[in-house]
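Please read the following account with the sequence and the model side by side.

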Amino acid sequence: MEFQPRDYKALIEAHALHRTRADDHPLSAPTVSHHQVDTVEDIKEEFFDPLREPNSKVSSLLDNEEDIHYPPELTFTEPTGQECTKREWTSFKRFLMQRFPVPKMVSISAMSNGILRSSKKSEKLSTATHLEELDDEQKILEEGIKFIDRQEYISRLKDFKEKIAKAWQSDDRVTSLKIAIKVAKLLTDTSVGQFYPTLFVLATDIMDMLGDMVWERIKQKAEIAEDGDFLFSLPVNFQANDVCLDAKETCNNWFCKIGSIKELLPRIYLELALLPCWRFLIDQPIDSLQRLVMMTRGLADPLACSYCHLYIAHCAEKLPTFDSGCLIRCVDDTKHLLMYSLLLKEGIQESSEDRRKFLVSLMEPSIEYIMHHIFDKASQKLVESALSEFGVGNNEPHESVLSVSIIVHNLIKELPADIVRSKAMGITYLIECCNDYTLDQWLNYRLLGFRLSEGECSLNIIPVIDQVIKSVSQKDMVDEYLKVVDAYMDLILQKQMDDHLIRILESISKWTYRKEMVEDELTCLQSIMVKILTHFKELKDIIALEHFFEILDMMHGRSQIVVSMHIVDRAIRGGLICDPAIIQLLFKVCQTLIHAVNQVNVRDNDLQQPAHLISRFICKVNYGFDIEQHLTFLVECRQVFGTTDELKETLVHSSNSLAIKLLRNKKKGLNFVKSCIAFNEVTIPSITSFMQQLKLYLETAEVAIMGGLVSHSYGLIDSCISCLQSPDLNGRSADGDEILSFLQKLCSFLVMVPGNYVQGATYTPNSLFVLLDSQSWMTLRMRLRICCAMILLSATLSQMNLPYHACNSRIPGNDVLFYDDPTYLEDYILFAEEVTGKLVDVINQEPSHVVRGRMALEACNCIALSFKMNSKISTICSELLGIAKRGLGSKDRYLKATLDLIGSCSEFPQACQ
Amino acid sequence: MPVLEIKLSRASRIYLPSEPLEGKVILKSNSSFSHYGVRLSVNGSVNMQVRGGSAGIVESLVGAVKPITIMNTIAEVRPPGRITSGTTEIPFSISIRQSGGDHHERFYETFHGANISIQYLLTADVMRGYLHKSLSATMEFIVESDKAELLERPVSSEMVVFYITQDTQKHPLLPELKSGGFRVTGRISTLCSLSDPISGELVVENSAVPIHSIDIHLLRIESILFGERIITETSLVQTTQIVDGDICRNMTLPIYIILPRLLTCPTSLAGPFSIEFKVSIVITFQSELSKVQPKSDPRTPRLWVAMETLPLELIRTR
């Protein structure tokens, strides 16, 4: 056998693609005229190019298409105010029900027995029921509290609703009203607690339905005469004068009926439901609303009262004119009620604290909703008057009126941002004044901070911050202090109040020395630290910040990890890190980071990110020409980060790039390259991933060749092979394709490596070949490919001129080293023959015909390319072609191409037959 | 069997004495029938009764006092003849006040009370000879005073200031109420138009014992001249709660009570009877005792209840 001689230079020239200069740069913007012609010409084939500017023709076309697709959405007119509020109310109701999930059993008191009785009636005869009812009532009186299933309660309410609708349809309006009163009475019972919001939603749903029905009926009376003639349709903004007497009479009747309800709460609810109907009688229904607000003062139960206020706010929206005065009064009354209950219940029962807090939490949505609607569409003047009502003074101390925390909280929440800013001082005094059980004071300070950070603040904010921080530090509660400071951090940084910052850090650091932080405080501290880190663009500024790193040292756990990660992240965002001091500092931070990560026992996924950050930090480190120092740094790193694979990989890469840097610049200092390689030789075996080991070995071998260290590269290649041979490889899940491509790369690398004179030129390929048999995990396909690679390697190495050489000119290629050495050529031919034999063997082992056919073609191509055609080779080829024909059929395109190839390089055309 | 119905021109059924009472008599029948005439009678009367207790046993057994007739008119709207099958509508118009009447008859407004009831009834009769049952239908209509005779609207701000403390009570109170003290003040209208609500204000200034409820009772006082005695009875018309629970002190609450129709009428002091009204502000305090005692007449003075009763003059205005 003989290898096919090749002239690589000529081949490159022959196979190089023909190059021509392009007119445009492919990435430059196309000229406009050209582009437009295109679009006009073939609109039909136009495809949507996401990168094209949005004002081009295509996007407008798309828009048009949308027009056709969704006409209803586009034809929708702007939703009217009424629709908007309706939608808002619907979503609010949903929010209410979700916020207070209902327990399975609802406790009710005697007041709600309306809900109990209804069920019995349907089940039993009336006489029997009556007696039992008496019994029931007695029982309720004795026990006070009963329980009812939530689902049952809700389904009863739905029942009521259906009954009302049914009665109304059958013209039995009195029954409708009676049931509605019954439902409204249920709202008197606040002992249902958690269920109350849901009850409110369901009951007011029924009220609204009744209100709508009454409205429609009276409107109909006004529009249609008794004999069915249509008179006229009432305009939207009708006056009481437009309404005929008959309709007025009916309307009046409804209000009379409601007026005769004995109990206060159902009377208010029903009149609210009918509130819009006042428009049929009078032009100023607002007066009635004001009276109703005043009447609500008669409800002493805070929960019932505040939800009644909520319903007032809802019903007020149905009136054509809006009056925030009523709503302000509602909030004011709630405030008095809370203050009164504060006075009354103080000292009675300390244990009822939780119960009271719970009550306040139930009331809060109502306060929030009303507050929102006071400031939602209010004019500047209204806002001013509302503010003075709520006791926000003109930035003067002690001008404020007494208030209640929870109300102040919602006030701050709903005020327009510019008002919050201009009245910040006044609000601060207001917060200072109220410190009660309804809401912790610090929450208000915190909210103020967040609201202030919303927009651009003027400098007069500084005294506000001073005041807040002063009053929070007085209380000596770390937790509260941190939470409040966190809210103001953005402002402090934004206004560059460095003195404040340092003072805050100082007091935090004092605290951290005094006692260990708990989880909650740490999270808060973390947020503060991260804010500082994000603010300062330069790491230097942070280092200059006193106490910052002290505090970081005192932190622990997850928060410490997060803050450290932020520091590293900030560092690697810039360019190279050259300052040894900063490197040292970051190194320490990384050290604690790794330490903390190991301690916290986090999942592997979480660990990836810190490792990734540190590895990027290591890459960014640059000691300039002091590469010795750099290597020392890498050694230090290995000591500290030795537990993480990813970092060790980075270290190897870094040391390799150090060596390359040296070789590029000075071409001297071989010893340093040696130490780099030695560093790698030590580091690589400790990496757990075997694939990574292989890759790093090869990489280092390449560096060694570049540095002219042949024996080192031999050693490294040996390490590779022994690594592949290691018996425990079987157990590991190595990716076959990855190993295959690694081996192929290794073969191509061997082209550059001078043959080993002592052990024989084919020593390395041979040891690879031996590997084929010893490793049972290799698939047939892998073996085939490896064999092909080795045949190609042999063919290449036997050329007169090698296709490429090592860039270090002192390293001779095999073409120079073994010039005209017959034993060298023979060795390779023998080796290639052996491999070819193996190749045929491997193909014959394959059970599937089709796969075998493909493998045969692959091998055939390889052989035809590598060897000169002679009888022996053509026998092998025709044998392989035979296998392929059997497996794939003679029409296969791959087969035909292979035949062409063989035909072109063959001197014996008969081999193809 | 034919069906007889009366339908008045106004759905509210309210008429003034000077106005004609208008409407339709509706006859529905499957077959035609003959009759002796369709007759309408309008009857207005004051019915009084004296119940046991204030009157003697004999009187209570005898029952009611002789009613006073206000009006009694009969009109034939269809002379004897035949009614065809299907629906027949006979429109009518009867003047309530007899124009020929020489003395000025007093028209009392409709009132439904406990002992006195002033009622106006319209009855339609169809006589059908001996073999057939005669048809009859009755309907009440409501009479309100003529606008022309009425006063101008009263000066609205006729308010009486009241204050209720432990010292204004004539009945015994719980010791803790007596010692702790309470003070509820306010004002309320005592001259009120029937078409307007009773209005006023109320403030709980202080109270040592928590308040359970504050209600306003509307009371009627009906007096009947019975023989030589005047028998008076007070009864509850309507209760309206204005405070539920122990509310904040020193908050002004509105009093707003719509007067119920038919159950109220202008205060009237006629010869044989009189109808007057009162309002009573009742404060119920929280007490364990109230739970033990069964419910009874809310007017009974109790240990845990404080009250103030004020006269209320009701008038009809334009």
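A:Ala659 lies in helix H33 of chain A, which covers residues 645-665; helices (H or I, at least four residues) and strands (E, at least two) are DSSP runs numbered from the N terminus. The model is a predicted one, in which local features need pLDDT of at least 70 and side-chain atom pairs count only at pLDDT 80 or more, while totals for chains, interfaces and linings use all residues. Residues are numbered from 1 along each chain as its sequence is written, and chains are lettered from A and ligands numbered from 1 in the order in which they are written.

Because 28 C-beta neighbours lie inside 10 Å of it, A:Ala659 counts as buried; the term requires 20 or more other C-beta atoms within 10 Å of the residue's own, with exposed meaning 12 or fewer, partly exposed in between, and C-beta atoms placed from the backbone. Apart from neighbours within four places in sequence, A:Ala659 is in contact (C-beta atoms, placed from the backbone, within 7 Å) with A:Val673, A:Cys676, A:Val703 and A:Gly707.

Leaving out residues up to four places away in sequence, A:Ile312 touches A:Leu272, A:Leu292, A:Val293, A:Thr296, A:Cys326 and A:Cys330.

In chain B, an open sheet of 4 strands with antiparallel pairing runs in the order S12-S13-S15-S18, where two strands pair if DSSP finds at least two bridges between them. Strand S12 (159-165) and S18 of chain B stand at the edges with a single partner strand each, so one side of each is left without a neighbour in the sheet. Within the sheet, S13 (residues 182-189) of chain B is joined to S15 (residues 198-207) of chain B by 7 bridges in the antiparallel sense, and B:Gly186 stands opposite B:Leu202 in S15(B). S15(B) also pairs with S18 (residues 252-257) of chain B, again antiparallel, over 6 bridges, with B:Glu201 opposite B:Pro254 in S18(B).

Definitions and conventions:
Two residues are in contact if their C-beta atoms, placed from the backbone, lie within 7 Å.
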